Amino acid sequence: KIKLSGAPDPYLDDDERFFTFRVRPPLKVLLVYDQSYEAEYVAAAIDPDPGATATRPIQAERVLAAELSAKYGGNLQGFSTIFLLNVKQLDEFSDWAALNRYVHEGGGLVVAPGHLSLPENYNKLISLLPAQLAEQPHTAKPPTTMGNVANLTHPLFARYGKDLASMLATIPVYKYWPVRGAGDSGLILLRFGDKAPALIERTFKGPKVGKVLLWTIPLSRRPDATAASAGAWSEFPLDSLGWSFFGLMDGTVHYLAGTSNEQFNFDAGENVLLRLDP
């Protein structure tokens, strides 16, 4: 409660105002990788101060892909979002099965293959992923760009609108994974400047909708990499080129967790809607 006091006020009814805070537990995110640098950019975008305690709306945990099953035993439901970052391969009967169950129970999965990834391992999961990877990545000559947002009203992009689209159109892309069947079971959200799919979404209906986002570039960049090296597929993760990477990574977690459309601020007299989980 806020109460104004001081000199006598002939009208007391407007001297008090009431407000509430919603204290929401942090969103837990799991970053899965083979090499530690693959998680650095995403972690810096969504959980930049891991040493803090009370000021972390998102808490990122990291795990080597080889230790995923041993550490979590297939129980991934405690995470709002899981990032699979340039992982070479996962075991079909333990790791992929656990991720498949996680998504079908309403989880959010982000898959970002890179130069380490074996397409034959990923393509077994066409029932989970929104598209299949080609046998080899494509080198763009001349380099293309992060390109065109397919739908600016999508929750991933609506917050930033045309500012985000114009920024993405300036970011160089040197290499990406061509995909097959992108329009069959998935929705293309973002295309490169040469029209190839950059980001594809697939949803799974249930009591809570599960979502899979497939990037066709890795979400990292080796610090010592050059445009021609294996680790430099794009300049997307570099904050020197703007805030698009930070905005999309942070927005991805909230979108997949189902919190991106929550309204917390209301004007006096406005109806407050409390949305209950199923």
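Author: Contact means heavy atoms within 4.5 Å. By that criterion, residues 24 or more positions apart account for 69% of the contacts in the protein with a separation of 6 or more. This is a predicted model, in which local features need pLDDT of at least 70 and side-chain atom pairs count only at pLDDT 80 or more, while totals for chains, interfaces and linings use all residues. Residues are numbered from 1 along each chain as its sequence is written, and side-chain values use heavy atoms, with hydrogens and water left out.

Reader: Why is threonine 81 called buried?

Author: Buried means under 20% relative accessible area, exposed over 50%, and partly exposed in between, with a 1.4 Å probe and protein chains only. Threonine 81 has 0% relative accessibility, and therefore counts as buried. Its place is in strand 5. Leaving aside neighbours within four places in sequence, threonine 81 is in contact with several residues, among them Lys28, Tyr102, Val110 and Leu256.

Reader: What makes glycine 247 buried or exposed?

Author: Glycine 247 has 1% relative accessibility, so this residue counts as buried. Glycine 247 lies in helix 6 (residues 244-257). Over the protein, buried residues make up 47% of the 278 residues.

Reader: What makes a segment a helix or a strand, and how many of each are there in the protein?

Author: Helices (H or I, at least four residues) and strands (E, at least two) are DSSP runs, numbered from the N terminus. The protein has 6 helices and 14 strands.

Reader: How do you know that strand 13 pairs with strand 14?

Author: Two strands pair if DSSP finds at least two bridges between them. Strand 13 (residues 197-204) and strand 14 (residues 210-215) are joined by 6 bridges, so they meet the definition of a pair, and they run antiparallel. Arginine 202 stands opposite valine 212 in strand 14. Both strands belong to an open sheet of 8 strands with mixed pairing, in the order 4-3-5-6-14-13-12-9.

Reader: Why are strand 4 and strand 9 called edge strands?

Author: Strand 4 (58-64) and strand 9 (148-149) each pair on one side only.

Reader: What lies across strand 5, and at what angle?

Author: Axes are lines fitted to C-alpha atoms, for helices over the stretch in contact, and angles run from 0 to 180 degrees between N-to-C directions. Helix 3 (residues 95-104) runs at about 145° to strand 5 (81-85), and also lies across strand 6 (108-112), strand 13 and strand 14.
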